[in-house]
Amino acid sequence: MSALLDVEDLRVSFPSRSGPVEAVRGVSFTLGRERLGIVGESGSGKSQTGRAILGLTPPPGRTEARRLTFDGKDLRHASAAEWRAIRGKRISMVMQDPKFSLNPVMTVGRQLMEAAARGTAARDARAQALAMLEAVQIREPERVFRAYPHELSGGMGQRAMIAMMLITEPDLLIADEPTSALDVTVQIEVLRILDRLVRERGMGLIFISHDLRLVSSFCDRVLVMYAGKVVEELRASELTKARHPYTQGLFNCLPRIEGDRRPLPVLERDADWAR
Amino acid sequence: MALIEVDNLSVTFGHAGSRVQAVRGVSFAVDKGESYGIVGESGSGKSTVLRALVGLAPVTGGRLTIEGRDLAGRRPADFYRKVQMVFQDPYASLHPRHTVDQVLAEPLSIHRFPDRGARIARALEDVGLGPGFRFRYPHQLSGGQRQRVAIARALILEPEVLLLDEPTSALDASIQAEVLNLLDRLRAERGLTYILVSHDLAVVAHMCERLLVMQHGQAVEELTREDLRGRAAAKEYTKALLTASEGYRAAAETAT
């Protein structure tokens, strides 16, 4: 199986008064039609990695890579027209908080129809939008279709957003903390939807999160990022066998329902990890 | 007698026509030196219970007592020294244009404490920040450091009760461990009483001996830490929370 996405030596830097600051420093990975998790703490460069793949590094930031290919196409020098053909249609992105990513003055239905392929007759787009809302387990698609984002709960809004990202049937979905703003019980439902879509449609998924435990229980493979670099790549099922002290530290410092470790082990950062 | 008693508390916001009953008849009691947890999802009313206790939300029904004294009506100045609160978001709860020194000096001057300089230095040391942090502004601190300042601000008045509203949910996992350890140590050293509100069952299991599960403004059930560890929840909702907290696979298996 050829790789859907091939990233080699990806770098993202931002200019500052004391010279450029590198947020992502040489990240390489390949992705097939699987669930890949990217885990790291704030400032590790995980979100910038996700944005750079879609060419969404905010200016004045700069992205460089030795290789950045999606389905055989080189994304490094893609023109605006080429990006338009990719973004949304072939690669979609789900952001953390539906409150800030849905248009507050448009009904969910109109936003969904807008996302549906252009040139589709309005009636088809409407049918597609309703079908998609149903696919993300929204019980009353008609009501949600007519609703404005503020009339929906967080979990509903996030599902509506996933529906919007998936209506174009992309090959790759980049989900940046898609469930962090949600309650745990809702979180599981949203993950179940993503899981089903990966399995049924053969979609590739990049799941970016700070939550090591969640990612390891959901993804096939996990990249652990620290200070802009991938410090460890492992199969999600082998998290307990992590070699890198950062991964081990991150896993061990979580409080657990059983087991009384007092004080909690604290992560001792080593300057070498960032090198 | 319990230090804090909450008896049939209800909190209602809004006026006739658009009333929201945030808390509906919640009761619990916390002993001196105990750490008590309140767990629930967003909108469950868990934070509102804390806010009602500290006087930031209206008590529309029921009774709150601390050391046997009823908190209805005007509360004594002493109450506002003994009971302190730490908020969730250290980015929002510190004044952006006040230095750490000013943040810590304000409660001291309100409560007319003597030798403020020495107390500020000691408070910073207690929370593991050196004297170098004293004249910094919040934007010069990381999230974990800010939360330590917020804890120092609460501790500087030598309180007996700390009300902790999601004190670590805005922090990275490794920083969360440091702050939880700090809170644990301070409680042991000073015999403090905690009420800790969190959506994270693992944090509550680690920090609290007993906990209350809330949903839709009502108490679902009260559990001890041992109940939680033994998965001895009686109510469906608590069981669902327990499974969900174990991650995706465990939750997916029980569903199918």
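This is a predicted model: local features need pLDDT of at least 70, side-chain atom pairs count only at pLDDT 80 or more; totals for chains, interfaces and linings use all residues.
Which residue does B:I4 stand opposite in strand 2 of chain B?

Within chain A, strand 1, residues 5-14, has the highest confidence, with a mean of 95. The lowest confidence belongs to helix 3 of chain A, residues 98-101, where the mean is 78.

Now, back to chain B and my opening question. B:I4 faces B:V30, which sits in strand 2 of chain B. Have a look at the two strands around that spot. Strand 1 of chain B covers residues 4-13, strand 2 covers residues 20-30, and eight bridges pair them in the antiparallel sense. Six residues lie between these strands in the hairpin, and B:G14 takes a positive phi near 85° there.

Strand 1 of chain B also pairs with strand 4, residues 61-66. That pairing is antiparallel too, over five bridges.

In chain B, four strands make an open sheet in the order 2-1-4-5, with antiparallel pairing. Which strands stand at the edges? They are strand 2 and strand 5 of chain B; each has a single partner strand, so one side of each is left without a neighbour in the sheet.

Over to chain A, and its domains. The domain assignment gives domain 1 as 5-90 + 168-274, and domain 2 as 97-167. Taken over C-alpha atoms, the centres of these two domains of chain A are 26 Å apart. Where they meet, 13 residues of domain 1 of chain A are in contact with 13 residues of domain 2 of chain A. On the domain 1 side, helix 8 of chain A, residues 184-201, gives the most, with five residues. By class, that side of domain 1 of chain A has nine nonpolar, two polar and two charged residues.

Next, the nonpolar core. The largest one has 150 residues, and A:L112 and A:A163 touch the most other members. Which helix gives the most to this core? Helix 7 of chain A, residues 154-166, does, with eight residues. Both domain 1 and domain 2 of chain A give residues to this core, so it lies between them. Leaving aside neighbours within four places in sequence, A:L112 is in contact with A:A129, A:M132, A:A163, A:M164 and A:I167.

Last stop, the place where the two chains touch. Here 27 residues of chain A are in contact with 27 residues of chain B. On the chain A side, helix 8, helix 9 (212-218) and helix 10 (245-252) each supply at least two residues. Helix 8 of chain A gives the most to that side, with six residues. The chain A side divides into 14 nonpolar, six polar and seven charged residues.

Methods: Residues are numbered from 1 along each chain as its sequence is written. Chains are lettered from A and ligands numbered from 1 in the order in which they are written. pLDDT is the predictor's confidence in each residue, from 0 to 100. Domain bounds come from an automatic or database domain assignment. Two residues are in contact if their C-beta atoms, placed from the backbone, lie within 7 Å. Ala, Val, Leu, Ile, Met, Phe, Trp, Tyr, Cys and Pro count as nonpolar, Asp, Glu, Lys and Arg as charged, and the others, Gly among them, as polar. Two strands pair if DSSP finds at least two bridges between them. A nonpolar core is a set of buried Ala, Val, Leu, Ile, Met, Phe, Trp, Tyr and Cys residues joined through C-beta atoms within 7 Å. A residue is buried if 20 or more other C-beta atoms lie within 10 Å of its own, exposed if 12 or fewer, and partly exposed in between; C-beta atoms are placed from the backbone.
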